[in-house]
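Subject: Structure handover

Hi,

Here's the structure I promised to pass on. Have a look at it first, then read my notes below.

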Amino acid sequence: MSIQIVSIGKDYNGLCEDGTELSVLSLYLKHPYLYWDLHIEESHSVFKVYKVKVRSRDNMEIVVHECPDWDTFASDLQSSLATVAGGDIILLKFAIENKPLFLDIKNNFPPLLKQIFSPRCVPVIVLAFGFRDRPSCSCPMCTSDREVCVSPLEGLQLAKDIGLGATYLELPNLYPRNVQIYFGEVVSGRVF
């Protein structure tokens with residue numbers, strides 16, 4: 001048995017010590033007490049594919065299909081749509097300070113997800129990463145930040161526009177504890 005997670009967007013623009021790109025899913029799947037035998041496939045034209053076995057379950061595998069943006073997704077649209085349709089969990093992610101990626105997701109994915117998943121229920125999670133330096137207010141300096149940063153209201157509205165019971169969540173950082181708590185709940189809800 002396998003759980004298929006489709007992840008679209010970028011959550012962080014950093015690198016691990018070994019030079020690989022850091023993402024919330026790669027952090028979670030590298031947790032040695034939960035998973036083993038991690039394989040990363042980069043041969044697919046659209047998705048980077050992570051496969052990992054769950055330690056506490058025989059024959060249980062988690063497969064993550066990760067795509068950075070709409071342009072990459074649309075480059076092989078038919079294959080991308082088939083991958084999304086096979087997903088058990090859909091994750092749309094962006095950094096709070098990456099407004100262009102947020103708009104890319106907002107403008108392209110809600111109608112697509114509604115079309116694919118309207119007859120069935122699949123968890124859709126809109127996940128924002130980052131820390132806001134200042135609380136929301138109406139002063140000119142904060143107002144100018146709104147052009148660069150995604151507000152909590154925009155994230156909530158995106159989840160509402162997607163429908164399908166989509167959830168909006170913000171993680172202030174990629175500390176392993178935050179990632180573990182969040183993804184542990186999401187994955188265990190599907191695995192166990």
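Glu66 forms a salt bridge with Lys93, with the closest N and O atoms 2.4 Å apart. (A salt bridge here is a side-chain nitrogen of Lys or Arg within 4 Å of a carboxyl oxygen of Asp or Glu.) Glu66 sits in strand E4 (residues 61-67) and Lys93 in strand E5 (residues 89-95), so this pair ties together parts that are 27 residues apart in sequence. Helices (H or I, at least four residues) and strands (E, at least two) are DSSP runs, numbered from the N terminus. Glu66 counts as buried at 10% relative accessibility, and Lys93 counts as buried at 1%. Buried means under 20% relative accessible area, exposed means over 50%, and partly exposed is in between (1.4 Å probe, protein chains only).

Before you go further: this is a predicted model, where local features need pLDDT of at least 70 and side-chain atom pairs count only at pLDDT 80 or more, while totals for chains, interfaces and linings use all residues. Residues are numbered from 1 along each chain as its sequence is written, and side-chain values use heavy atoms, with hydrogens and water left out.

How many salt bridges does a search of the whole structure find? It turns up 3. Another one joins Lys99 and Glu154, at 2.7 Å from N to O. That pair links distant parts of the chain, with Lys99 in helix H4 and Glu154 in helix H6 (residues 152-162), 55 residues apart. Lys99 is buried at 9% relative accessibility, whereas Glu154 is partly exposed at 25%.

Then there's Glu41 with Lys51, whose closest N and O atoms are 3.4 Å apart. Glu41 belongs to strand E2 (residues 35-41) and Lys51 to strand E3 (residues 48-54), so the pair ties together parts 10 residues apart in sequence. Glu41 is partly exposed, at 32%, and so is Lys51, at 27%.

Now the aromatics. Rings of Phe, Tyr and Trp (its six-membered ring) pair if their centres lie within 6.5 Å; planes under 30 degrees apart count as stacked, over 60 as edge-to-face and the rest as tilted. That rule gives 5 aromatic pairs. One of them is Trp70 with Phe109, edge-to-face at 5.1 Å centre to centre and 80° between the planes. Trp70 lies in helix H2 (residues 70-74) and Phe109 in helix H4 (residues 99-117), so the pair ties together parts 39 residues apart in sequence. Trp70 is buried at 18% relative accessible area, and Phe109 is buried at 1%. Together with Phe47 and Phe73, Trp70 and Phe109 form one aromatic cluster.

Cheers
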